[in-house]
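Visitor: I am new to structures of this kind, and I would like to learn how to read a few of their features with some care. Could you take me through them one at a time?

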Amino acid sequence: SDPTAVPDPLRQANATAMANHALAPFSFVNTVPVKLRFTVYKPSGGQLLAVSWFLYMLVSSGIVYDMIMEPPSIGFHQDGKGRGRPEAILPWRLNAQYIIEGFLGGSLYTIGGMMIVLSDIVRKKDAFGFSLQSRVNMAKFGVLVVFIAFFALRHILRIKMPGYMRFSQTSY
């Protein structure tokens, strides 16, 4: 396992013999030496981060559930007059969702996470050369968006389950 060790001549001879036996059926084929030139695209760190966040959004949106269960994109319910009204959030069902509801929830989770990362980045003194005032404004924006995402997700949960996680007057 030591790369600086002297290789075993018997082991090298066995490896060479095995390679010759494996290539024997192709010994009659003459190949033309060809130099293939191709460029390999190397994405930047920012591009990898953007793709990672997008994939995270898709996964947290429930894209796998949507592909397997094939739910409708939006639903309809009847109002008091018997007319159909569109609804984007499926009420009373925690383990089911409309497609729009999943993307809304996944987007809010992703945006909240991105703003937490932004708030952590601007906390450092040399955050990409931004001035102190710019860093303070970005931190305020990040915290504000995290709270907006949190309360929007909480509101969605209350639409799905109206009495869920509310203070109860009953004592146990």
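Guide: We shall go through helix pairs, aromatic rings, backbone angles and some distances.

Guide: Please keep in mind that this is a predicted model, in which local features need pLDDT of at least 70 and side-chain atom pairs count only at pLDDT 80 or more, while totals for chains, interfaces and linings use all residues. Residues are numbered from 1 along each chain as its sequence is written, and side-chain values use heavy atoms, with hydrogens and water left out.

Visitor: How is a pair of packed helices described?

Guide: Two packed helices are described by the angle between their axes and the distance between the axes. Helices are DSSP runs of H or I with at least four residues, strands are runs of E with at least two, and both are numbered from the N terminus. An axis is a line fitted to C-alpha atoms, for helices over the stretch in contact, and the angle runs from 0 to 180 degrees between N-to-C directions. Here the axes of helix 2 (residues 45-60) and helix 4 (residues 99-121) come within 8 Å and cross at roughly 140°. That makes helix 2 oblique to helix 4, given that angles under 35 degrees count as roughly parallel, over 145 as roughly antiparallel, 65 to 115 as roughly perpendicular and the rest as oblique.

Visitor: Which hand does the crossing of helix 2 and helix 4 have, and which residues make the contact?

Guide: A crossing is left-handed if the near helix is turned anticlockwise from the far one by less than a right angle, and right-handed if clockwise; helix 2 passes helix 4 in a right-handed crossing. With contact meaning heavy atoms within 4.5 Å, helix 2 contributes W53, Y56, M57, L58 and S60, and helix 4 contributes F103, G106, S107, T110, G113, M114 and V117. These residues of the contact of helix 2 with helix 4 divide into seven nonpolar, five polar and no charged, where Ala, Val, Leu, Ile, Met, Phe, Trp, Tyr, Cys and Pro count as nonpolar, Asp, Glu, Lys and Arg as charged, and the others, Gly among them, as polar.

Visitor: How does helix 4 lie against helix 5?

Guide: The axes of helix 4 and helix 5 (residues 132-160) come within 8 Å and cross at roughly 155°. That makes helix 4 roughly antiparallel to helix 5, and their crossing is left-handed. Among the residues that meet are L104, L108 and I111 in helix 4 and F141, V145 and A149 in helix 5. The residues of the contact of helix 4 with helix 5 comprise 17 nonpolar, four polar and two charged.

Visitor: How many aromatic pairs are there?

Guide: Rings of Phe, Tyr and Trp (its six-membered ring) pair if their centres lie within 6.5 Å, and planes under 30 degrees apart count as stacked, over 60 as edge-to-face and the rest as tilted. By this rule the count comes to three aromatic pairs. The rings of W53 and Y56 have their centres 6.1 Å apart and their planes at 85°, so this pair is edge-to-face. W53 and Y56 are three residues apart in helix 2, and so about one helical turn separates them. The rings of F150 and F151, with centres 5.0 Å apart and planes at 75°, are also an edge-to-face pair, and ring pairs link F147, F150 and F151 into a cluster.

Visitor: Are Y56, F150 and F151 buried, exposed or something in between?

Guide: Buried means under 20% relative accessible area, exposed over 50%, and partly exposed in between (1.4 Å probe, protein chains only). Y56 at 42%, F150 at 46% and F151 at 44% each count as partly exposed.

Visitor: Where in the chain do E70 and W92 lie, and what is the phi of each?

Guide: E70 has a positive phi of about 50° although it is not a glycine, and E70 lies in the loop between helix 3 (63-69) and strand 1 (75-78). W92, likewise not a glycine, has a positive phi of about 65° and lies in the loop between strand 2 (84-87) and helix 4. E70 is exposed at 64%, and W92 is exposed at 57%.

Visitor: What separates the C-alpha atoms of R123 and R135, and those of L23 and A139?

Guide: R123, in the loop between helix 4 and helix 5, has its C-alpha atom 7.4 Å from that of R135, 12 residues apart along the chain. L23, in helix 1 (residues 9-23), is 116 residues from A139 along the chain, and their C-alpha atoms are separated by 63 Å.
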